[in-house]
Every structure is written in C-alpha cells, then in structure tokens.
Amino acid sequence: MLRSGTSIGANIEEAHGSQSKKDFRAKMYISCKEARETHYWLRLLIKCDIISEPQLTDILDESNQLVAIVTTIVKKSGEA
C-alpha cells in the first residue's frame, strides 16, 4: 500500500513536467491505476479485520474522491 499510495503523487508530479499531452495522459493514467490499487488495499484491510471500518471511513472517502478526480483528468486529457 505504501508503494501504490506514494506512487500516485509521484506520477502526478511527473505529469506536470511532461513533454507532451500524450505523456501527461500516460502519467496521469498510471496515477489513476495506483489510486485504484491503494483504494483496494484499504478495503482489504477492513475485510481482513486488520483495521476497523470506522477507523478508515474518512480515508476511504478521500481515496474514492481521489480515484474520481484522477479518472476525470485522464478522460478529459484524452479529449480533442
């Protein structure tokens, strides 16, 4: 979870320094995939009773919002 969670921001930062629109979209797409993976790991922590759901409610909500935001950026960056 640490790798996927920190990769989100690292790839967004890389996207800001991209050399082309295509490169920007590719880096944001990777960020999107990493955000989805991190969201998965958070849900898994709850399902395996490692952390209780109330302890992760706010983080899960923010994680879900982050996935939605980055997904929108990827979709809009592919438009003409």
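Trainee: Hi! Which residues are buried in helix 3?
Mentor: In this predicted model, the buried residues of helix 3 are L56, L60, S63, V67, V70, V74 and S77.

Trainee: Nice. Why would residues three or four places apart point the same way?
Mentor: An α-helix has 3.6 residues a turn, so residues at that spacing end up pointing the same way.

Trainee: And what covers the buried residues of helix 3?
Mentor: Helix 1 and helix 2 are among the elements covering them.

Trainee: Where is the kink in helix 3?
Mentor: The kink is centred on I59 and comes to about 30°. End to end, the 25 residues of helix 3 reach 34 Å between the first and last C-alpha, close to the expected 36 Å.

Trainee: Let's switch to helix 1. What span should it have?
Mentor: Helix 1 covers residues 2-16, so at 1.5 Å a residue its 15 residues should span 21 Å; the end C-alpha atoms are 22 Å apart, which agrees. Helix 1 has a kink too, of about 25° and centred on I8.

Trainee: Is I8 buried or exposed?
Mentor: I8 is buried, and so are S4, S7, N11 and A15 in helix 1. The buried residues there pack against helix 2 (21-47) and helix 3 (53-77).

Trainee: New topic: how many aromatic pairs does the structure hold?
Mentor: One. The rings are those of Y40 and W41, with centres 5.1 Å apart. Their planes meet at 65°, and over 60 counts as edge-to-face, so that is the label for this pair.

Trainee: And how accessible is Y40?
Mentor: Y40 is partly exposed, at 38% relative accessible area. W41 also counts as partly exposed, with 32%.

Note on methods
Residues numbered from 1 in each chain as written. Predicted model: local features only at pLDDT ≥ 70, side-chain atom pairs only at ≥ 80, totals over all residues. Heavy atoms only, no water. Helix = DSSP H or I, 4+ residues; strand = E, 2+ residues; numbered from the N terminus. Expected span 1.5 Å × (residues − 1). Bend = angle between axes of the 7 residues up to and from the residue. Buried < 20%, exposed > 50% of the residue type's maximum accessible area, 1.4 Å probe, protein only. Contact = heavy atoms within 4.5 Å. Phe/Tyr/Trp six-rings, centres within 6.5 Å; stacked < 30°, edge-to-face > 60°.
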